[in-house]
Each structure stands twice: as structure tokens, then as C-alpha cells.
Amino acid sequence: MTRIVVGPFNRVEGDLEISLDLEAGRVSQARVNSPLFRGFEQVMIGRSPLDALAIVPRICGICSVSQSAAAASALADAMGIVPTANGQLARHLIQATENLADHLTHFYLFFMPDFARPAYADRAWFPDVAARFMAVKGSAAADVLPARASFLRLMGFLAGRWPHTLAIQPGGSTRAITAGERIRLLALLREFRSFLERHLFGDSLASLAALDSKAALLAWAKGRPGDFPSFLRAAQDLGLDRIGRAEDRFLSYGAYDLFPAGRWQGGLLGLDAADIVEDTEHAWLLDGMPRHPADGETIVAADKPAAYTWCKAPRLAEQPHEVGALARQVIAGRPLLLDMVQADGGSVMARVVARLLELALVVPAMEAWVQALRPGEPFCAEGVLPDEGSGVGLVEAARGSLGHWLSIRRGHIERYQIIAPTTWNFSPRDRNGLPGPLEQALVGLPAGEGAPPTVQHVVRSFDPCMVCTVH
Amino acid sequence: MKVLWLQSGGCGGCTQSLLCAEPRSLFDELHDAGIEFVWHPALSLESGDEALSVLEDCAEGRRAFDVLCVEGAMLRGPNGSGKFHLMAGDGRPLTEWVTQLAQRARWVFAIGSCTAYGGFSANTPGNPLEACGLQFDEHTPGGLLGSDFRSPGGLPVVNIAGCPTHPGWVVETLEKLALEGLAETDLDEVGRPLFYAGELVHHGCARNEYYEFKASAEKSSDLGCLMENLGCKGTQAHADCNLRPWNGNGSCLRGGFACIACTEPGFESPGHAFQETPKVAGIPIGLPTDMPKAWFVALAALSKSATPKRVRDNAVVDHLVVRPAIRKKGGGK
């Protein structure tokens with residue numbers, strides 16, 4: 001057995017190191033290390049509860065709004081209020097803008113450049129794909145960066161700016177959209193739709209949404225211009241439709257009143273967030289029995305011998321769970337992804353397909369939300385914070401399920417615990433020795449000297465956000 | 001001009017913001033100004049050993065580069081070990097890497113308030129992370145590199161402060177440097193480029209009429225001025241956020257929420273709740289920069305008594321309820 005350490009793992013958000021035990025050129029065991037600790041949960045303690053809205057976005061520059069939304073939900077829960085109708089729509093729009101922009105950033109800037117590696121120079125698709133997706137220099141960047149910036153102009157209207165907005169409040173949004181702005185939001189969405197249809201898909205969003213099986217997807221991609229069809233052809237050639245499976249145990253808290261909450265393992269199961277615990281056995285954190293996050297703590301133990309990461313191990317019903325667009329779409333019963341998971345498990349290809357399919361599904365929903373806005377009616381409900389209380393905020397970030405648990409005592413934050421999407425996906429082993437989803441997905445892959453960049457694809461297929469993972 | 005970029009105790013948001021540069025693709029914009037990345041953790045192809053060898057070549061002086069951009073606070077803890085952030089694949093503290101690379105770069109840029117002054121990473125009670133900025137610890141000169149540090153190009157660390165930074169602040173500082181260089185006179189007392197930190201957030205604020213009449217918002221989403229009740233520090237914060245729009249047409253104030261002065265050292269611990277204005281005897285403690293208190297109080301009282309009904313009524317709702325009057329044309333034809 002030889003052990004190799006892979007890092008810095010770039011083109012992920014934040015810092016990542018992976019240690020791989022190899023036998024005969026294949027991974028026998030993987031350990032995932034999140035090597036950066038910042039201690040945001042401690043920053044919050046003793047602060048005024050609404051300060052969480054200014055602090056938590058700064059956990060992450062790419063899931064900033066998701067962090068805001070989780071905090072606002074937890075505070076609303078503690079206050080016993082719900083956002084106004086306009087406030088809820090504005091929040092859906094702000095969250096969807098971030099999530100879709102993240103999907104785009106991941107595909108074009110983080111994930112696809114690996115297909116331009118010299119290791120693939122002999123593949124038939126290589127010349128075109130390399131010219132299009134090469135890091136920084138590829139032709140796609142000139143199309144996608146202006147499209148992304150223009151799409152994020154939605155945030156200029158709805159949230160003041162991105163990242164790090166204070167617009168999302170427990171009662172809705174600080175920013176009431178005017179009748180004229182509503183028209184401009186629709187124009188921006190049309191512009192983004194046009195980019196997606198022209199460059200990414202080479203087809204209408206409706207055609208994408210209608211694809212209902214892997215066979216239909218691959219037939220659709222054949223010979224079609226567009227960046228997504230290019231990916232599908234390369235991925236199929238490399239067998240990425242059968243690589244990268246974790247354990248196909250999925251979790252989603254539900255998004256935008258469009259995709260339901262649930263748990264999936266071979267079939268749909270109910271979700272009870274009371275069954276979530278975090279285990280610190282292999283983290284540089286003080287040991288103890290696994291705790292529910294409402295009762296959780298984060299105490300540094302930097303010299304703990306058995307530890308190999310700053311990341312806790314979240315478990316639901318004692319099992320690791322995969323989260324993200326694939327989990328959301330499987331739990332939502334989307335036929336294309338159900339077919340892919342049932343045929344080959346949660347693969348690199350399935351994760352990318354789920355992400356890009358969400359672009360096709362959510363943009364039309366955003367157009368409908370903008371149309372449903374009622375300028376003149378309130379965007380923010382008022383509420384009163386209790387001196388003593390607690391709250392939970394469960395949302396879906398681009399990368400999956402994000403939960404905030406807070407308690408308030410004497411008018412100040414007493415405890416604040418966060419479980420981020422990549423905390424689930426890049427979890428270390430727990431006290432029962434169960435590896436996290438990525439640790440499982442890497443087993444059996446070729447790695448080490450002379451191996452193809454398969455590990456790179458599998459790791460990035462989860463779209464990890466490491467700054468959220470440990471926070 | 002070659003730029004090497006590292007990330008440490010931060011959120012990566014300054015890079016995400018930078019990618020929003022408009023109107024051209026960031027990469028085209030920089031390329032045509034003669035600026036290229038030697039390596040950037042979020043954008044470059046090289047991973048693992050390939051990336052480490054680029055960094056080692058730069059650190060050992062085998063590969064020349066011009067600007068070291070660091071994004072994120074320097075985490076020196078626990079107990080001076082730097083273990084809160086070790087370089088992946090290498091195991092050496094980022095603080096060591098940055099110290100070494102800063103001697104090789106001709107210029108060093110701190111990207112964002114974490115890197116400049118410590119930011120939220122330095123905000124845990126008691127600062128167990130031992131976090132600091134590159135050349136400041138909040139307001140106090142020092143930080144990781146020390147107050148006497150000058151990069152081989154002859155400048156202290158250039159602090160492009162902001163949480164996050166506006167893409168224009170980073171792009172324009174890089175492009176000015178590439179075009180004609182930077183001098184200490186281009187920076188303010190805490191190292192920020194004056195072209196943006198020479199303004200106040202208040203300048204160009206779309207809520208200006210409400211400010212003039214002290215017609216104040218009372219709750220989230222109200223249209224009025226956010227200074228009196230909701231914690232806005234726009235009249236004290238150094239930045240051009242309302243002259244240079246964010247994401248096309250936004251700003252914090254345009255978004256309906258307070259400026260929390262995120263370009264200022266120590267903004268993360270204001271000593272009061274972010275969305276509330278601390279007051280003594282009903283008067284905000286934090287008065288507009290350069291404004292004598294007695295005059296502020298006198299003018300505020302006067303302007304409040306002169307507030308038009310339109311401004312007063314619109315200030316406390318989230319959409320206009322009184323339109324500006326249309327003046328009838330006087331005189332005959």
C-alpha cells in the first residue's frame with residue numbers, strides 16, 4: 001500500500017486536500033481533509049441575533065445568499081413569523097440567482113477545464129473541447145463571464161449586490177421592486193435564457209426539461225452544437241456515466257416551493273431533521289457523543305491524533321448522505337435523474353446533468369416569480385425577537401442542504417451551529433468507521449503516477465465549497 | 001504583469017465578485033491590459049503537485065512574478081503554529097508561504113478587508129485564531145508582515161479593502177500599476193487606493209433627499225434614510241459604492257439595507273448591533289465624517305421641521321405613496 005496526498009485541490013471553492021491509499025494503482029481508501037478553520041460559529045456567540053444576517057454571508061463568497069437565507073429562516077422561526085408574499089418571491093429569486101450562477105461557474109470555470117488536460121490529447125473530442133474550455137484561455141470564458149455578470153445584475157436590483165447582501169430578512173426582503181424594475185428583471189431573465197439556449201444547450205429550455213431518460217439524453221446530444229452536448233460526448237467516452245458513485249443515499253431540504261424536501265434510498269423516504277447528528281471523532285475538535293446541531297458545539301482540539309480534518313461528520317439516521325442538485329432532482333422524482341441513478345448510480349455525469357437541468361427548470365420558474373410580484377404590496381413583514389428562544393433554518397444552496405440552528409438567551413445568541421452541503425458530501429469517517437460520500441466515491445478509482453485525471457473529475461463533480469464546509 | 005493569487009482565512013467572495021467585472025470578460029479585460037495569472041486557486045488548471053511546483057518556483061525566486069494577491073486573513077494560531085490553515089498537499093502554514101512569497105513579489109496586494117485588517121476571522125472572542133491582516137491588525141499597524149514591510153517594488157501592502165471588494169477596485173488598481181505604477185501617495189493612511197477610498201459611501205446615495213430632510217426609515221424595506229435608526233454608516237465609510245454601481249445598478253443602500261462600513265478596519269466589531277444606530281439622547285453617536293456635532297444637531301432639527309409631506313410619508317413605506325408634484329407652467333404664451 002502506498003499513500004499519496006493530493007493538494008492543493010484547486011478550482012473548488014476554498015481549500016481541499018485528499019489522502020489516497022493505493023493498491024495496484026487503485027484507491028483502496030480515501031480521506032478528505034478540509035484544512036482551513038475559521039470558527040464562524042464562535043463569532044456569533046453573544047451577538048445580537050440579527051447580527052447573524054451580517055455575519056453568516058461572509059462564511060462563503062459563493063453561497064453567501066444561501067447562508068443569509070438559512071439565517072433569516074432560523075430567525076423567522078425563532079420570531080414566529082413568515083415572509084410576506086412578495087418577500088417570499090423576492091427570496092426565491094435571490095436564492096435562485098445565486099444557485100444558478102453557481103451552477104454556471106462550476107461547469108465552465110471549475111469542472112470543464114480538466115477535460116483540456118494533456119492526458120486526453122488522443123481523444124477525438126479533445127481539440128474542440130480544449131479550445132473551448134481551457135482554464136482562463138478557453139473561448140467559453142469570453143461568452144460565460146459576461147453572461148454570468150449580466151445575470152447577476154438581478155442581484156443589483158433584488159439584493160443591492162452580490163456577494164454579501166443584507167437584503168434577506170426574516171420577514172422577507174429590504175428591497176421592494178417597483179413596477180418598472182419588474183419589467184427589467186424579466187428582460188434580464190430573457191437575456192440569460194438566450195445565453196443558455198444558444199451556448200450551453202443548443203436547444204430550448206423546454207426541450208431539455210422534457211428529456212426523461214439517459215437514452216433520450218444521449219440521443220439528444222448526438223451531433224448537437226452546444227457546451228452541454230460536448231460534455232456529454234466526452235463524459236460518455238471516458239465512462240464518467242459509471243464513475244463516482246457514493247452510496248446513493250440522498251437528502252434535500254426542498255427548494256423554492258418547487259423541489260420537495262425528503263430523503264431517498266432506493267425510494268423516497270420521509271425526512272425528520274431531528275434525526276441529524278454531527279460526529280467529531282475524526283475532526284480536530286473535542287470528542288464527545290454525536291450531538292444534534294441544536295445542542296452542538298465546536299471546540300478546537302488541534303492535536304487530536306485520530307483526526308484528519310476540521311470537518312465534522314454529519315449523519316442522518318446514522319448514515320452519511322449525499323446532497324446537491326442530483327439529490328434534489330432524485331427526491332423531486334425527475335425522470336431523467338431517477339433513470340440515471342437507477343441504471344448506474346450517482347455518477348460524475350449524473351451530478352453534472354442534474355446541475356445543468358436545474359438551469360433549464362428554474363429559469364422559467366424565475367420568470368413566473370417575477371410576474372407574480374405585486375409592486376405596492378409589502379416586501380417585508382415585521383416581527384419581534386424573543387429574549388429566549390430557538391430557531392432552525394433549512395435551505396438548499398447550489399451544492400445542497402444547508403442548515404442553521406440557533407438559540408437565543410437573554411436577547412443574545414447563545415449557540416449557533418451550521419451544517420453546510422459540503423460538510424455532508426466531504427464528511428470524514430464517523431465513530432463507526434463509515435466514510436463520507438466523497439471518501440466512498442473515490443474507492444476503486446485509478447490514481448497515482450501515470451493515472452488519468454479521474455479523481456479530479458469525481459471530486460469536482462460534487463462542486464465542493466470548502467469555505468462553507470468547516471466555516 | 002504577472003499575478004500570483006493565494007487564498008487563506010476568507011470566504012473567496014472577492015474572487016467571486018471579481019468575476020463579475022463588467023462589461024468585458026474579466027480574462028479578456030486583464031489580458032488586453034497585459035496582466036496574466038501565474039496561478040489562481042479558483043481559476044488555474046494546475047492542481048496538486050503541478051500547482052505546488054509553480055508556488056515553490058515563485059517562492060524560491062526561480063520564477064519571476066510581479067504582484068502577490070492574497071485573499072483572506074492570516075491565521076497564525078493555534079499557539080503560533082499556523083495550523084488553522086496549512087497549505088493542502090504541502091502541510092506548511094499559509095503564513096509561511098505568504099511571508100516568503102511577499103519577499104519575492106514586487107508588489108503585495110491585500111484583497112478584501114480580511115486580508116487587509118483581519119476581518120471576521122479575527123473576530124472570534126479572544127481571537128483564538130490569532131488572525132490578522134497582512135500589515136494591520138484592525139487599526140494597528142503590524143500584522144503578519146510588520147509595519148516596516150516594503151515589497152521589493154518599494155510599497156507597503158496595498159489594501160484593497162471591502163467585504164467583498166468591488167471588481168472595479170481590483171481591476172483598476174492592477175491596471176494602474178501595469179500602466180504607470182503606484183506610489184504611496186496613491187494610498188490613504190490605512191493603505192487603501194484613494195481612487196475609491198477617497199470618497200464616502202454617502203456620495204451619490206440614492207436616498208440623498210431623505211438624508212437631507214432627516215426623513216428616516218423606521219423598519220426594514222422603508223425607503224427613508226437609514227442613518228438615524230437602521231445603522232447606516234455611509235456618511236463615514238470610505239468607498240465609492242454609490243458612484244460606482246455594484247452588479248449593474250446596485251449598492252447596499254439601493255438594496256435597502258445599511259452600509260456597515262465594510263471597507264474600514266474593524267468593521268466586523270462595531271460595538272453595537274449592525275442594523276441599529278447607537279444613540280445618546282436620541283442623537284446618533286456616529287456623525288457624518290467632518291461634520292461638527294453642534295451644526296449637525298442644529299441642521300437636523302431644522303431640516304426635520306422643513307421636511308415636505310411627500311418625503312416624510314414616503315420615508316416610512318416600501319413604495320412611493322406621494323409623487324413629486326408637477327409644477328404648472330406659469331405665465332402666458
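I take helices to be DSSP runs of H or I with at least four residues and strands to be runs of E with at least two, and on that reading I count 10 helices and 11 strands in chain B. I note at the outset that the model is a predicted one.

Chain B, overall. I looked up the extent of chain B and found that its C-alpha atoms fill a box of roughly 80 × 55 × 35 Å along the principal axes. Of its 333 residues, 55% count as buried, and among the chain B contacts with a separation of 6 or more, 69% join residues 24 or more positions apart.

Helix H6 of chain A. I then turned to H6 of chain A, which runs over residues 139-151 and has 13 residues; from its first C-alpha to its last it reaches 19 Å, close to the 18 Å expected at 1.5 Å a residue. I listed its buried residues as A:Ala140, A:Ala141, A:Val144, A:Leu145, A:Ala147, A:Arg148, A:Ala149 and A:Phe151. These buried residues pack against helices H4 (85-111), H5 (126-133), H7 (153-158), H8 (179-201) and H11 (227-237) of chain A, and also against helix H2 (26-32) of chain B.

Methods. Residues are numbered from 1 along each chain as its sequence is written. Chains are lettered from A and ligands numbered from 1 in the order in which they are written. This is a predicted model: local features need pLDDT of at least 70, side-chain atom pairs count only at pLDDT 80 or more; totals for chains, interfaces and linings use all residues. The expected span of a helix is 1.5 Å times one less than its number of residues. A residue is buried if 20 or more other C-beta atoms lie within 10 Å of its own, exposed if 12 or fewer, and partly exposed in between; C-beta atoms are placed from the backbone. Two residues are in contact if their C-beta atoms, placed from the backbone, lie within 7 Å.
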